[in-house]
Amino acid sequence: MDPNRISYTELELASLRHRAYAMLDARRVPHVAGCEEEAVCLAGRWGAEPSAAAAAAILHDVTKNLTVEGHMALMLRYGATCSDELLACPKILHAVTGALVAEHEFGMPEEICSAIRWHTTGRPDMTLLEKIIYLADYIEPTRAFDGLDSLRKASYEDLDAALALGMRMSLAEVRRSGAEPYFETEKAYTFYQHAANISE
Ligand SMILES: [Fe+2]
Ligand SMILES: [Fe+2]
């Protein structure tokens, strides 16, 4: 793909699905397809390019199948540094390597790669496409969890409030599991709490 272009034809998206789905565990395909469907709806709602949202969603979990060693090998191959913080949160590795694969193996532009890079943790001051993929991943049609309805509603009413809510839920979930939340999510939560004018 041409890395300077951020809109894709239906034929290009079909070929992207074909390649990306082949890299996934078949059980993950409904989630990825749901994420694409939701990302396109959110793009329509908030004025992003729908085919760019579709492409980012199709690729967002493309390395989810890899072992920690597999992620580290990819980072080594593409010259990315693997920090101790990152290694302490193995669930985030697929966001980092997914972005690397999107760039180096699929020729995706920076805008799409960064949406993949930040889809798990979020970060302060996200781009529109980063916000859309973060939320689409969270609320796509195959998801089911307490609080989903309010997160879905917020996602179509107030993007920053939805991000603050999603990040609060995600931090609570990580803490419940006994793990330490990744520092970027804490920073992002504080940022979007302020951006959406929400008090604790
Ligand atoms: Fe993911
Ligand atoms: Fe996902």
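User: Why are α4 and α6 called oblique to each other?

Analyst: This is a predicted model, in which local features need pLDDT of at least 70, side-chain atom pairs count only at pLDDT 80 or more, and totals for chains, interfaces and linings use all residues. Residues are numbered from 1 along each chain as its sequence is written, while chains are lettered from A and ligands numbered from 1 in the order in which they are written. The axes of α4 (residues 68–77) and α6 (residues 93–104) come within 10 Å and cross at roughly 40°. Angles under 35 degrees count as roughly parallel, over 145 as roughly antiparallel, 65 to 115 as roughly perpendicular and the rest as oblique, and α4 and α6 are therefore oblique.

User: Which residues of α4 and α6 make the contact?

Analyst: Val68, His71, Leu74 and Met75 of α4 make the contact with Leu93, His94, Val96, Thr97, Leu100 and Val101 of α6, where being in contact means that C-beta atoms, placed from the backbone, lie within 7 Å.

User: What makes α7 and α8 oblique to each other?

Analyst: The axes of α7 (residues 110–117) and α8 (residues 128–139) come within 8 Å and cross at roughly 40°, so these two helices are likewise oblique to each other. Glu111, Ser114 and Ala115 in α7 meet Leu129, Glu130 and Ile133 in α8.

User: With which residues is isoleucine 112 in contact, leaving aside its neighbours within four places in sequence?

Analyst: Leaving those neighbours aside, isoleucine 112 is in contact with Ile6, Ala52, Ala55, Ala56 and Ala102.

How values were computed. Axes are lines fitted to C-alpha atoms, for helices over the stretch in contact, and angles run from 0 to 180 degrees between N-to-C directions. Helices (H or I, at least four residues) and strands (E, at least two) are DSSP runs, numbered from the N terminus. Two residues are in contact if their C-beta atoms, placed from the backbone, lie within 7 Å.
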